[in-house]
Amino acid sequence: MKSTVETNYNLELSLIIPLYNEEDNVKPLYLSIKKVVEKLRKSYEIIFIDDGSTDKTFTLLEKISREDKHIKIIKFRGNFGQSAAMAAGFEAAQGRVVISMDGDLQNDPQDIPNLLQKLDEGYDVVSGWRKNRKDKFLVRKIPSKIANKLICSVTKVKLHDTGCSLKAYRAEIIKRITLYGELHRFIPALAKIEGAKIAEIVVNHHPRKFGKSKYNLTRTFKVIMDLTTLNFLMKYLHKPLQFFGAIGILLNVLGIVTLFWIACRLLIYKFPVIQLNILITVAFLLLAGGVQFFFFGLVTDLIVETGTRKRLYLLENYRSVE
Amino acid sequence: MKSQHTTESVKFPKISAIVTLLNLEDSVEQIYSSLSQTLEAYGEDFEIVFIDDGSVDGTFTKLSQIADKDARTKVIKMRSTFGEASAVDAGLKATRGDIIIYFTGRVRIDPKDIPALLQKLKAGNDLVIGWRSPRRDSRLNQVVSKLFNYIVRNISKLKLHDVNSGILVTKRSVLERIPLYGNLNNFIPLLASRQGYNVAEEKIGQLAGTFRQSRYVKEYLQRFLDIITVIFLSNYSKKPLHFLGFVGAIFVIVGLGINIYLFIYRIFQFGGIAGRPLLLLGVLLLMIGIQMISIGLIGEMIIFTHAGEIKEYNIEKIIGYSGE
């Protein structure tokens, strides 16, 4: 008997919207989403995640939820960040299709039907592309362009705008992705690790009306580090020994070459040993380091084997469902 | 043996006090009597659980005498010394109260001040940590503690004066969400605050008398290592590469710089480098740097493969999910 991956979804559509201090945007956001979603004639839910807002966001959400049974609110105890908020939303979602969007009204709910249409063409993830971004050029658009180029080349996922929150996913894919840290920026890459087919469509983008933007430039370093991690994971998650082993071999070769060099000096050029003391230490250092990296690789192999057995199994299962 | 009707009446106490003890036979009586008197005066139903963390003196005998007399008390004897964190965990599992008072017998706090902590908890906090003031233990202890807390204040967002005081009151739900192992009992306020709980502090007096002195330099060294724990808990626990990648990158850059300099020096025939200690330094730095980055990547890999089991967020409330 072939077991299939969670095929029972109660609803057709789940909308995931993380909010953090967006009291001015709550009501207009709700109304604009409602207008679009009602027209789709699908069963749906709208999940708001209040990421520890300190303003009236939660009270306003609660008020809306009393009148609309499609609304679900997840209130966090503190501010845990966008990745955590989206993770909570994805986990709670009951829809066959899950759509995420920003809570700042910069995304346009009017694009939702287009996302769904693209998804129906046979994709697993459809990402929005804010072709005409309405943000400050220097602090938002330029860094975003560079980041996208970088993410694109590292992850090999060809998207113009990975940072756009407006995305649609098949539940089978998004339920398998665990977001933590600041990984929400890399959902398409994570989806690719899970074997998803990814597409993008151009979406509208509005300038911010209320509240202030919650991004800053100082995150660049973290993004680079996350990207390094992702690059490493995408290439070596199932064969870490190849990565660490390569470093080990490199160091060992360097060590042996150095030893050879020392031998030449001693035997051919008749250098006194005392002059080569430092070089000898360097050679041994390189060799010791090289051996260590092999052990790193072995330990990491163990970690991956104990950690991912379940994941691999699910992955194959998903493909067989296809 | 406890009689049946007395155990019935304390089945669901509101307050559970967890007191951990290690080789404190002289203080047992005093801790018990002042704590039970204080809690009686406070007026809520309570229970006291003593955890004997593998004492080798008469602590357990004294405790069992108390437990025989007073049905509100319970004694848990560990098979050997497993440490504070495990003791708290064992205490937590053996109690039922919604409000937990935890303190370690070692710090000799004055239980009379506990109601003040409870008041502050009621005022809307999820955890109140005692701030030992005035302190009566040794000068050296105080200086080390001051310095430690000063550093912790600067690293973490919490502005506490005595983060590892060893006395706190909190709600059961808070402690149940916090990982308790190793040395983490020293950082319960930080862990709670990271889960989004409100943390406050309140002054609590210390009793005069003899204090167990730290007999080893090891224990002060431990404080230093604890600071590294705090850094990780505060910032990088889910993203080891953010920290190790940064430090590693500095090492790599400096190491590379040295090696490039030496390379140029050699190539343009300024002289030999085989005997220069700088060469050793350059190679060493480069290698430590690469190692740090590698360990960071291994950390990331561990977290990535186990991410499904870790929840980074703490939900306070869900609205709109009816049972259907």
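Which residue of S6(B) does B:Ile129 stand opposite? In this predicted model, local features need pLDDT of at least 70 and side-chain atom pairs count only at pLDDT 80 or more, while totals for chains, interfaces and linings use all residues. Residues are numbered from 1 along each chain as its sequence is written, and chains are lettered from A and ligands numbered from 1 in the order in which they are written.

B:Ile129 stands opposite B:Leu168 in S6(B). Helices (H or I, at least four residues) and strands (E, at least two) are DSSP runs numbered from the N terminus, and two strands pair if DSSP finds at least two bridges between them. Strand S5 of chain B, residues 127-132, is joined by three bridges to strand S6 (residues 167-171) of chain B, and the two run antiparallel. Six bridges join S5(B) to strand S7 (residues 199-204) of chain B, in this case parallel; there, B:Trp131 stands opposite B:Lys203. S5(B) is mostly covered, with five of its six residues buried. A residue is termed buried if 20 or more other C-beta atoms lie within 10 Å of its own, exposed if 12 or fewer, and partly exposed in between, with C-beta atoms placed from the backbone.

In chain A, the secondary structure comes to 10 helices and seven strands, and 41% of the 322 residues count as buried. In helix H2 (residues 57-67) of chain A, the buried residues are A:Thr57, A:Phe58, A:Leu60, A:Leu61 and A:Ile64. These residues lie on the same side of H2(A) because they cover an arc of only 160° around the axis, the arc being that of the directions from the helix axis to the C-beta atoms. On the other side of H2(A), A:Thr59, A:Lys63, A:Arg66 and A:Glu67 are exposed. The cover over the buried residues of H2(A) includes strand S1 (11-19), helix H1 (23-40), strand S2 (44-50) and S3 of chain A.

Between the chains, 40 residues of chain B are in contact with 43 residues of chain A, contact requiring C-beta atoms, placed from the backbone, within 7 Å. Helix H10 (240-267), helix H11 (277-306) and strand S8 (315-319) of chain B are the elements that give two or more residues to the side of chain B that touches chain A. H11(B) gives the most to this side, with 16 residues. Strand S3 (residues 71-76) of chain A pairs with S8(B) in the antiparallel sense over four bridges, and B:Ile318 in S8(B) is the bridge partner of A:Ile74.

Technical notes:
Contact = placed C-beta atoms within 7 Å.
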